[in-house]
Amino acid sequence: PIPSAHKKTLLLKNKHNIKGSDVTFTARVDSTTLTRKPTMKWLKGKWMDLGSKAGKHMQFKETYDRNTKIYTYEMKIIKVVPGDAGGFRCEVTAKDKCDSCTFEITVEGEWKHTLTCVDDEGDLDFSALLKATKKKKKVKQEPEIDVWELLKNAHPSEYEKIAFEYGITDLRGMLKRLKKMKVVEPKHSEAFLKKLESCYSVEKGKKIVLRCEVFDPDVQVKWLKNGQEIKPSAKYVMEAVGNVRTLTINKTSLADDAAYECVVGEDKCFTEVFVKEPPVTITKLMDDYHVVVGERVEFEIEVSEEGAHVMWSLHKDKDSKYRFKKDGKKHTLIIQEAMLDDIGMYHAWTNGGHTKGELEVEEKQLEVLQDIADLTVRAADQAMFKCEVSDDKVTGKWYKDGVEVLPSERIKLTHIGRFHRLTIDNVKPEDAGDYTFVPDGYALSLSAKLNFLEIKIDYVPRQDPPKIHLDTSGNMVSQNTIIVVAGNKLRLDVEISGEPAPTVVWSKGDKPVTETEGRVRVESRKDLSCFVIEGTEREDEGNYTICVTNPAGEDKAVLFVKIVDVPDPPENVHCTSVGEDCASIIWEPPKFDGGAPLKGYLMERKKKGSSRWTKLNFDVYESTTYEAKRMIEGVMYEMRVFAINSIGMSPPSLSSKPFMPLAPTSEPTRLSVHDVTDSTCTLKWLAPERIGAGGLDGYVIEYCKEGDTEWVVANQELCERQGFVVRGLPVGEKIDFRVVAVNMAGRSPPALLGQPVTIREITEHPKIRLPRDLRTKYIRKVGEKINLVIPFQGKPRPIATWFKDGKPLDEKMVSVRNSNVDSILFIRSAEREHSGKYELVLKIENMEDRASIDIRIIDLPGPPQNVKVTEVWGFNAALEWDPPKDNGNCEITGYTIQKADMKTKEWFTVYDHNRRTNCTASDLIMGNKYMFRIFSENLCGLSEEARMSKNTAVITKTGLEIKRNPYIEKDVSCVPKFTQPLVDRTVVAGYSTAISCAVKGFPRPKIVWMKNKRVLGEDPKYLMQNHQGVLTLNIRKPSAFDGGNYTCKAVNDLGADEVECKLDVRGEKRGRGGACKVGGRRLGRDKGKGGAPVIC
């Protein structure tokens, strides 16, 4: 048996079994301290729950003994096969506690079974055994079934069933072997463009995405797990984007380790998902222990995950004294009483860690606090040897002259706490000798000598009969009754007379009191006997007798000692009912009132989780029922009660079970009838105005016929919505309805209708309520989403049909969803072919209603046609053009005209939103030659392209001619030459910079910028400017790669010139890991185009 912290006992041993035989394992759980029935699991290996394997091969049984309160669990394996071998574990849980025990099964082959069945008396005839074995093989020769061929041809959903039938436990290894065995012929799939990968691997708790591509983007696929269809949920998310189909598995567990299929019609693609369990680490290591013999030892560790499997390694074989306890992440090895043979190292292993602790056990050192002393006693006197040792649990034996002393009527051996006594009454001469006390388990002995003193009496003493003189004053309430408060000291001094001195014997009932030391003792003096009780207890109450005797006579007196105490605490404190801010508490009186009548009770309460108790009454409350008020709704409270008598106040009672003041909600509001048919009535209402801390669990709908008082519940389960359809109502009857809100505190007051409802269908003509914005043209741009909700009414439910341009609507292009009250037209991405006149037809039998919607999908227009300059005069030019061929499915709202002179070729806008197809461009510069371009514009915007004019406009010089002196034009041609060179610069990475120089030359030279002798093309990172010979190269947010030698080269027909500078990019200082070194300098990481980091 393995004792547990919560009274559980698991009786399991390793089994060494023969193939084909039966084996049974039994576990017993003591439930005397459990409030609920424990839960038992049988596991194989690490995580395989055998509860789902119950059948012909494995059988489970559970019994309960009401007398001993012991649960017995049995697992029986019928005809053990080699696949049953391995490690097993039974795990029992109760609330948040857990206990487990491991065991193993070893299976031997059939040939061993044959040999063990042969009687081994006498000589073995091995040749006969071999012949018998051969004969048996011939008799049992049956066609063997190849399990792997069976699995190879089976559907994946049957793998687990076949594995269980033939004893295969390693399912993952089985799948790997089957994968190697199966040779899949390459088959071209018409349904899949790209199939699933052959396998996927994911860590436990992570997310995994299975992805494939199908040929038809509109086809629907099914996902299967081990042959079973997967339904969409928060764990399994299925998506379809174009041709791509994905299955996302969130928070994977070991149960997701399976085979998956994607099915399109009759085509399938397969894959396997392997879930890797993360290693379990040890977060709290094992401590070393140094204890003495008999002490309790607990080796405790903590692991990173709850429910993890921990393997303990002991320095010797497991014994019943070892207990294994699991509480959440804590795992404990318990040794109830450590012995010397438990010394050694203890190890704990997980799949991701190891720890060890050393146990050192030493023998107890016994200390003698009081040694026994030599005694010299007279005849008929009492001799008492007494010693005191340091451990009150130590036992021992007494010896006289080497012979063990046994108790008798004269000799008494006592052990009270640390004191050991040997008492000899009526000492005789033969009692003299050496006495020794030897403690058990220790190499120690205490010795003393008893000397006998013989006294001769030569005279005859005077004899007076004994007499007891009782003092009836003081605490004696009557002549023979004494009342003592528990815990106080009682001392009775009784005067005695008589000659010779009488012998005094005190007794309680029939049991004499002879102790002279201790809590209850007798002290004797001359003419006085004292009876003392230190710290009186309830058990000390009773009749006490004092008897005095001498040769002249005898005298007796009887006293009754009554012990009064504070009462026991009240019992069974519990809450019977609660209100919004109050609760009714009831309890039972204490079993013992302390010997004095109860005066009443005091009550206290506190919030759950708090340690501060609040008094509820300051005056004594006499009843056992109390209503606590002024409480907060929705807060958990606990109560306790004190009992009071004339002695004082009792200890507090056990706290009551936590309770919460709650009140029902107010009645539901605005109850109304939404619809009525021949057998149903639809009700709607709003939530109660006051709900409170108890929340709202749902509603109960009830109805009854007019004039009846018996209400019928319409819903079997609580209705969570604020509407309900009551069905099965009789036609033509008048029915009353009411709705009640329900929460933890109970039912609210009912919400009633003002008058009964007649159950009869009301025919209503179909009517389409077209929204106002749809009564004109509905215009949307290409690519936008269209979602039109058209409400309607009519009874019974009308039939809604859509038409486009007089033809039935193609549901492949447009999605339609109809309900009882509306029809929804949905287009995910609008195209121009969706334009047209849509008509909704609503029919109820021979009645109908129609509504039309004109939908126009517009796009950007094309450019204008035949743009030309028709006339040029002065500083003006007249332009004409034709409208574009494609107006974007809507009218042209205007044109944008731009001009550019042939020298700079920079475009400037002349007119915006010009509505006509002609215009006049004014304020043209004399001597320049102009070209024009025009954009079309509609509701979507400007056309993507512009149309250039076919001819140009030349503004000639006119007016007075000035006769100038002959002028000889000077030749200003010169070779390009830089008047201001480039300067070396150092810049910070990430901050835009510019380098500049100046050049002169005629004709105007062509400028070429180069980096490290490579020409810089049209890279948007660089902006090259030339303003009146001043050349500037702007570099946007340079990085370390932009450092180097930059060259500016000017070339014309007469020659060329160039200048060069060096640009050094220095890295910006960043946090940890934010910089690197280039050329001895630290450079920061920059962000390239689009914010992407540039890693140096």
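User: Where in this predicted model is the place of Asn-617?

Analyst: In this predicted model, Asn-617 belongs to the loop between β47 (614–615) and β48 (625–628).

User: What makes the approach of the Asn-617 side chain to the backbone nitrogen of Met-603 a polar contact?

Analyst: The cut-off for a pair of N or O atoms is 3.5 Å, and one must be able to donate a hydrogen and the other to accept it. A polar atom of the Asn-617 side chain lies 2.9 Å from the backbone nitrogen of Met-603, and the distance is therefore within the 3.5 Å limit. For the backbone oxygen of Tyr-601, the distance to a polar atom of the Asn-617 side chain is 3.1 Å.

User: Which residues is Asn-617 in contact with, leaving aside neighbours within four places in sequence?

Analyst: With those neighbours set aside, the contacts of Asn-617 are Tyr-601, Leu-602 and Met-603. Contact here requires heavy atoms within 4.5 Å.

User: How many cavities of 30 Å³ or more does the count give, and what lines the largest cavity?

Analyst: The count is 2 cavities of 30 Å³ or more. The largest cavity holds about 160 Å³ of space. It is lined by 14 residues, of which Met-48, Ala-163, Phe-164, Ile-168 and Thr-169 are the closest to its centre. By class, the lining comprises 7 nonpolar, 4 polar and 3 charged residues.

Terms used: Residues are numbered from 1 along each chain as its sequence is written. This is a predicted model: local features need pLDDT of at least 70, side-chain atom pairs count only at pLDDT 80 or more; totals for chains, interfaces and linings use all residues. Side-chain values use heavy atoms; hydrogens and water are left out. Helices (H or I, at least four residues) and strands (E, at least two) are DSSP runs, numbered from the N terminus. On a 1 Å grid over the protein atoms alone, a cavity is a set of points where a 1.4 Å probe fits but cannot get out, and a pocket is an open set with protein on both sides within 12 Å along at least five of seven lines; lining residues have an atom within 4 Å of a point. Grid points are joined across faces, edges and corners, and a volume is the space filled by probe spheres set on the points. Ala, Val, Leu, Ile, Met, Phe, Trp, Tyr, Cys and Pro count as nonpolar, Asp, Glu, Lys and Arg as charged, and the others, Gly among them, as polar.
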